[in-house]
Amino acid sequence: MNNLLEVQGLSVSLPQSGVAGARSVLSNVSFAVSRGAVLGIVGGSGSGKTTLGLALLGLLPSVMVLAGGQVIFDGRELTKLSPEEWRALRGAGISMAFQEPMSAFDPVMTIGAQIQETVLAHEKISSAAARERALEALRLSGLADPVRIAAAYAFELSGGLRQRAMIAQALACRPALLIADEPTSSLDVNTQEKILELFQELRRSLGLSIIIITHDLGVVRRTADEVVVLCRGVVVEQGKVAQMMSAPRADYTRLLLEAEG
Ligand SMILES: Nc1ncnc2c1ncn2[C@@H]1O[C@H](COP(=O)(O)OP(=O)(O)O)[C@@H](O)[C@H]1O
Ligand SMILES: [Mg+2]
């Protein structure tokens with residue numbers, strides 16, 4: 001089994017989307033991620049990127065339905081999993097660093113306590129061991145002083161530190177696939193660069209497979225091997241990043257390239 005993840009013909013719809021009836025959010029999306037590879041998913045706002053990530057975690061918003069397709073992770077079809085099976089897979093198999101770390105973290109709980117809680121929800125280990133795992137995940141995410149970060153609240157951290165803490169939360173249960181949703185969008189250019197370096201480091205040291213979701217082709221160019229370009233829920237281009245940069249096939253990709261300058 002070479003591919004860690006295979007998505008085949010995935011469709012998601014909004015059944016009650018006003019007077020117009022059902023609306024398609026993702027339509028027949030197919031792609032694969034091989035082990036240790038980085039895939040970029042790029043598209044404008046509202047193109048369905050976050051929905052795609054959530055679908056891979058079994059976390060679609062309640063107003064949406066999976067209208068078709070298969071998600072095969074590590075040889076296992078996920079779309080028919082029970083809620084308990086999804087819970088077991090989430091975090092430990094596939095995990096997601098969410099788009100807005102500020103709202104993804106509980107504001108009244110320390111970062112360390114939240115990561116520890118995530119670990120305890122998945123593994124039968126002591127709370128001391130879970131705390132060690134939280135510190136280890138913070139260290140893996142490039143935080144030099146994990147004890148200080150663990151004791152902090154989300155609002156006390158800079159955007160870059162908060163993004164690293166979000167990544168640590170996603171890594172704490174040792175997933176094989178990390179989905180990072182817009183990991184750099186609210187950061188200054190220097191901090192963006194450091195976060196992108198972190199992904200390369202995690203890939204090297206852990207053999208982690210990574211899906212980076214972004215509206216910024218520059219992020220894809222710097223980190224990913226392959227790319228999926230989404231426009232209004234439809235894949236308009238996919239393949240090797242180098243090929244897309246040098247000879248984009250879709251008009252939409254050309255527009256994104258021009259936007260990047
Ligand atoms: N909870 C929700 N309820 C209704 N519509 C939603 C919800 N979340 C997203 N959508 C709609 O689904 C489409 C895709 O959204 P999203 O996946 O967030 O796009 P992206 O992450 O690419 O910006 C958009 O049209 C958005 O308005
Ligand atoms: Mg999004």
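**Strands, helices and a ligand**

Trainee: F73 stands opposite which residue in β5?
Mentor: Glad to start there, with a predicted model in which local features need pLDDT of at least 70, side-chain atom pairs count only at pLDDT 80 or more, and totals for chains, interfaces and linings use all residues. Numbering runs from 1 along each chain as its sequence is written, while chains are lettered from A and ligands numbered from 1 in the order in which they are written. β4 and β5 pair in the antiparallel sense over two bridges (strands pair if DSSP finds at least two bridges between them; strands, E, at least two residues, and helices, H or I, at least four, are DSSP runs numbered from the N terminus). In β5, the residue opposite F73 is R76.

Trainee: Which residue takes a positive phi in the hairpin of β4 and β5?
Mentor: That hairpin has two residues between its strands. The positive phi is near 55°, and the residue that takes it is D74.

Trainee: Which are the edge strands of the open sheet of four strands?
Mentor: Its order is β2-β1-β4-β5, with antiparallel pairing. Seven bridges join β1 (residues 3-14) to β4 (residues 65-73), where V12 stands opposite L66 and S13 opposite V65. Pairing on one side only marks the edge strands, which are β2 (23-34) and β5 (76-77).

Trainee: Why is one side of β6 and of β10 left without a neighbour in the sheet?
Mentor: These strands belong to an open sheet of six, ordered β6-β7-β8-β3-β9-β10 with mixed pairing. Within it, β7 and β8 (residues 209-214) pair in the parallel sense over five bridges, and L177 stands opposite S209 in β8. β6 (94-97) and β10 (234-240) stand at the edges, so one side of each lacks a neighbour because each has a single partner strand.

Trainee: At what angle do helix α4 and helix α5 pack?
Mentor: In α4 (residues 111-122), G112, I115, Q116, V119 and L120 meet S127, A130, R131, R133, A134 and A137 in α5 (contact puts C-beta atoms, placed from the backbone, within 7 Å). By class, this contact has six nonpolar, three polar and two charged residues (Ala, Val, Leu, Ile, Met, Phe, Trp, Tyr, Cys and Pro count as nonpolar, Asp, Glu, Lys and Arg as charged, the others, Gly among them, as polar). The axes are 8 Å apart, as lines fitted to C-alpha atoms, for helices over the stretch in contact, with angles from 0 to 180 degrees between N-to-C directions. The packing angle of α4 and α5 (residues 127-140) is about 115°.

Trainee: Which element gives the largest share of the side of domain 1 that touches domain 2?
Mentor: The domain assignment, automatic or from a database, gives domain 1 (1-93 + 177-235) and domain 2 (101-174). Their contact takes eleven residues from domain 1 and twelve from domain 2. On the domain 1 side, β7 (177-181) and α8 (189-206) each give two or more residues. The largest share, four residues, comes from α8.

Trainee: And from which helix comes the largest share of the shell around ligand 1?
Mentor: Among the residues around ligand 1 are G46, S47, G48, K49, T50 and T51 (a residue is near a molecule if its C-beta atom, placed from the backbone, lies within 6 Å of it). The shell divides into four nonpolar, seven polar and one charged residue. Three residues, the largest share, come from helix α1 (residues 49-56).

Terms used:
Contact = placed C-beta atoms within 7 Å.
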